[in-house]
Amino acid sequence: MIKGIGTDIIDIVRIKNSIEKNKRFVEKIFTEKEIGYCEARMRREVHYAGRFAAKEAFFKAIGTGYRGGMGWREISIENDELGKPGIELSGRTRDFFKKKKFKNIHLSISHTREYAVSFVVID
Ligand SMILES: CC(C)(COP(=O)(O)OP(=O)(O)OC[C@H]1O[C@@H](n2cnc3c(N)ncnc32)[C@H](O)[C@@H]1OP(=O)(O)O)[C@@H](O)C(=O)NCCC(=O)NCCS
């Protein structure tokens, strides 16, 4: 049974500016695995933007939005060996997810030159 859906669209230039102007932005929002993935790519801001959109889509799918002490870094977007993205939870976000009896998270990401979009389904 579907328990929640969430989507988000991000202007890639906004993320590019945040990365370049604020050194702490990346460390505040992204996990080490996410940083490793994005920094290894030609246009890192594209992949950071997709992950930022995925985190916001996740918060929409669980129905709370970004609040309640849940941290950006408690949601880690990780790709499998075929490149398919998934979400690993930790900390208070994982506790909340379990308390709500949510089971699985499905994630899709896409980018153009200017925008990154993400879609999350929770069952
Ligand atoms: C995966 C694929 C559908 C991506 O589509 P695209 O139009 O190139 O790129 P998009 O911007 O829409 O999507 C990119 C995102 O797709 C997601 N993705 C990658 N592989 C995926 C897979 N196997 N399953 C689901 N999603 C996948 C990733 O989240 C990626 O973003 P990220 O690297 O920041 O995490 C496409 O490249 C494909 O079919 N690849 C497999 C075959 C292949 O590699 N062919 C080489 C070219 S002929």
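The hairpin is where I would like to begin: it is formed by β2 and β3 with 5 residues between them, and in its turn Gly83 has a positive phi of about 100 degrees. Its two strands, β2 (residues 75-79) and β3 (residues 85-89), pair in the antiparallel sense over 5 bridges, where pairing requires that DSSP finds at least two bridges between two strands, and where strands are DSSP runs of E with at least two residues, helices being runs of H or I with at least four, numbered from the N terminus. Within this pair, Glu78 has Gly86 in β3 as its bridge partner.

Please keep in mind that this is a predicted model, in which local features need pLDDT of at least 70 and side-chain atom pairs count only at pLDDT 80 or more, while totals for chains, interfaces and linings use all residues. Residues are numbered from 1 along each chain as its sequence is written.

Let us turn to the open sheet, which has 3 strands in the order β1-β5-β4 with antiparallel pairing, and whose edge strands, β1 (4-11) and β4 (105-111), each pair on one side only. Between β4 and β5 (residues 115-122) there are 7 bridges, and Ile109 stands opposite Ser118 in β5.

Finally, the helices: α1 (residues 12-21) lies across β1 and β5 and runs at about 70 degrees to β1, whereas α4 (residues 44-61) lies across β1, β4 and β5, at about 150 degrees to β1. Contact means that C-beta atoms, placed from the backbone, lie within 7 Å, and the angles, from 0 to 180 degrees, are taken between N-to-C directions of axes fitted to C-alpha atoms, for helices over the stretch in contact.

Conventions:
Contact = placed C-beta atoms within 7 Å.
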